[in-house]
Amino acid sequence: MRSTHDRQTANPLAAVRNLGILAHVDAGKTTVTERVLYLTGATHKRGEVHDGTTVTDFDPQERDRGITIFAAAVSCDWAGHRINLIDTPGHVDFADEVERALRVLDGAIAVFDAVAGVEPQSESVWRQADRYGVPRIAFVNKLDRAGADLDTAVDSIRRRLHTVPLVVQLPIGREDGFTGVVDLIAMRALVWADCADTYAVSEVPDDLLAEARRRRRLLEETAAELHPAALEEFCAGGPVSAATLTTALRDLTRSGEAVVVLCGSAYRNRGVEPLLDAVTAYLPSPLDVPAVSGTAGGLPAERPADPAAPFAGLVFKVTASATGRLTYLRIYSGTLRKGDTVLDAGPRRNERIGRILRVQADRHAEMDRAVAGDIVAVVGPKSAGAGATLCAPAAPLVLEPPAAAAPVVSLAVEAGRNADTERLVAALARLVEEDPSLAVRTDRETGQLVLAGMGELHLEVAVEKIRRAHGLQIAVGRPQVAYRETVLRGVTGHVHRHVKQDGGAGQFAHIVIDVAPHVAAAGEEEFVFTSTVTGGRVPREYVRAVENGCRDALAEGPLGGHPVTGVRVTLTDGATHQKDSSEMAFRTAGRAGLQEALRASVMQLLEPVVEVTATVPDESVGGVLGDLAARRGRVSGSVALAGSTVVSATVPLAELFGYAGSLRGRTQGRGTFSTHPRGYAPTRPS
């Protein structure tokens, strides 16, 4: 009888890796992806970001701006393994793209700049991966840059990400002299000649041998502290074998207890082949992750990664155009064939699969079928959006969708010509279908179309996409931020009596409420409603109606019509009428009563704030600090780093519009910055 390991090895799914590339903007994610595609034979020319020739950054805006905006899926083969890879954006405005990608991945490569180490968005995407339990390996990139230092980058991984780094390589040479790495597991040198596509294997250089042995022993010690098999060999006194060390690193990676760290320079094509070997050795296959769980008929249910099981897949991306609609799908179980009818489990609507496509960024190859573990695009579903579950009609299953971020910045948009208004509305609807982190609404007071998103760049890209794709002239207004209102000091014993008599059945509801501030803990709702009414003076169904009415009242606060948050309402007393009381009457009383109570309370206006991390030349620090202060920013710290200074500050989001141009002007184009949402804070005077 074969062992479990043998059976798994014989299963084709054991040779599948579904992974993403995660990083801060400009850490080299897309260049790593391009080198992976080139070295695996998926492309025959190395794409370059600065030349606009990359496979994954195929959108014209991505090539113009030199950044990844949209998550792009590609596939390639390495050492007998099928690798389905998603290159994700690094800018915080497009974090929702990362969120949707992580929901369907089994593993990830986190790319770090060897000079900057862990940067703000590196930390953000790492936390996103933590939420979904995605195992990671780390690649410290750009070791050929001036100021690059592997140990400093690894120390930042340890301190800022609170993980255990397991460094398996030692660089050979520094900065411009970086030529290769010492493989600390096999204790051999891997050296890349200039312009070479692969490395040469040699003995560890004499001048690095003692350091390599020291680091190998440190790797053994760290693994032994966390893994029993490594501990057993380590305690025996001799070196831990390469096989045991590899097994320990694989187990620790997949459990999330530690992260394997490799290094190189993707731009110079150094270190990418060992990275691919690490992907196949350490990151899990669909068989190594727990069976996907969801609900069936309201009860918990699981589906194994088995082509013979009932079909179930999760939609993570939709692209819509005038020529058709592509639905990107991770298949968790079963087999999907061209022509199959599947169930959209949310609205319980049947959809027909017209075509199945293997995705290579903007190019596609047709397939007759796809099985558990595949990431594919399908043509046919007309309404399934990101987060929808497609499953076998005979075996319904609803999978948990990725978390959707709430938009924080809005922009008024209108067509340049009245005749184009309908076209603009249709284009906006298509845009929101593709990107759930965008939202479109009509302002009730002005009648304007308002587009909301995750940041200034997010909205700028969205508007430009409509202009290019639909040839529309669009006028935009200054973005408006989403303010909130909260209670500083509430009221007690507020009485509201709702009486209406206009013929026929009347309406009667009498309530007494207390309103107080509420500070929500992490994960807790911002509004809390309780009832202390005794003696049945307000029946239970009317209490629920009062709560619903109070929730209605929270939509518009008394200061400026902004949503109200951080409120505790207690229903303390009330009265009913035998004939005229109803749920509708008590809901109306709850809404009107809380509106009155909020007007009588002391309220506070809240505004969204973000953490700004700006990297600027030393000689520009004074001007940058002054500009942040003028924007009502509060500087929280600064760190000197290789001829530049990293300044951190908390700034109201409303003050950041146009900051990119201001920073470029104050630093002669050399300054960069990133932002990270930090919730809401009381408004402060300028």
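Is Tyr199 buried or partly exposed? With a relative accessibility of 21%, Tyr199 counts as partly exposed, because buried means under 20%. Keep that in mind for the views below, which come from a predicted model.

**View 1. The whole protein chain, before we zoom in.** The secondary structure comprises 16 helices and 38 strands. The C-alpha trace extends over about 95 × 65 × 65 Å along its principal axes. For 686 residues, a compact globule would have a radius of gyration near 26 Å, and the 29 Å of the protein chain agrees with that. Buried residues make up 52% of the 686. Looking at contacts between residues at least 6 apart in sequence, you will find that 71% join residues at least 24 apart.

View 2. The structure holds four aromatic pairs. One of them is formed by Trp192 and Tyr199, in an edge-to-face arrangement with 5.3 Å from centre to centre and 70 degrees between the planes.

**View 3. Tyr542 stacks with Phe586.** Here the aromatic pair is stacked, with ring centres 4.8 Å apart and planes at 15 degrees. This pair links distant parts of the chain, 44 residues apart: Tyr542 sits in helix 13 (residues 540-553) and Phe586 in helix 14 (residues 583-600). Tyr542 has a relative accessible area of 14% and is therefore buried. Phe586 is buried too, at 0% relative accessibility.

**View 4. Surface and charge.** The accessible surface of the protein chain is about 29900 Å², with 51% belonging to carbon and sulfur atoms. Its side chains include 75 positive and 84 negative ones, and the centres of these two sets lie 4 Å apart.

Key:
Residues are numbered from 1 along each chain as its sequence is written. This is a predicted model: local features need pLDDT of at least 70, side-chain atom pairs count only at pLDDT 80 or more; totals for chains, interfaces and linings use all residues. Side-chain values use heavy atoms; hydrogens and water are left out. Helices (H or I, at least four residues) and strands (E, at least two) are DSSP runs, numbered from the N terminus. The radius of gyration is taken over C-alpha atoms; the globule rule is 2.2 Å times the number of residues to the power 0.38. Buried means under 20% relative accessible area, exposed over 50%, partly exposed in between (1.4 Å probe, protein chains only). Contact means heavy atoms within 4.5 Å. Accessible areas come from the Shrake-Rupley method with a 1.4 Å probe; for residues, only the protein chains shown count as cover. Lys and Arg count as positive and Asp and Glu as negative; His and the chain ends are not counted. The place of a charge is taken as NZ of Lys, CZ of Arg, CG of Asp or CD of Glu. Rings of Phe, Tyr and Trp (its six-membered ring) pair if their centres lie within 6.5 Å; planes under 30 degrees apart count as stacked, over 60 as edge-to-face and the rest as tilted.
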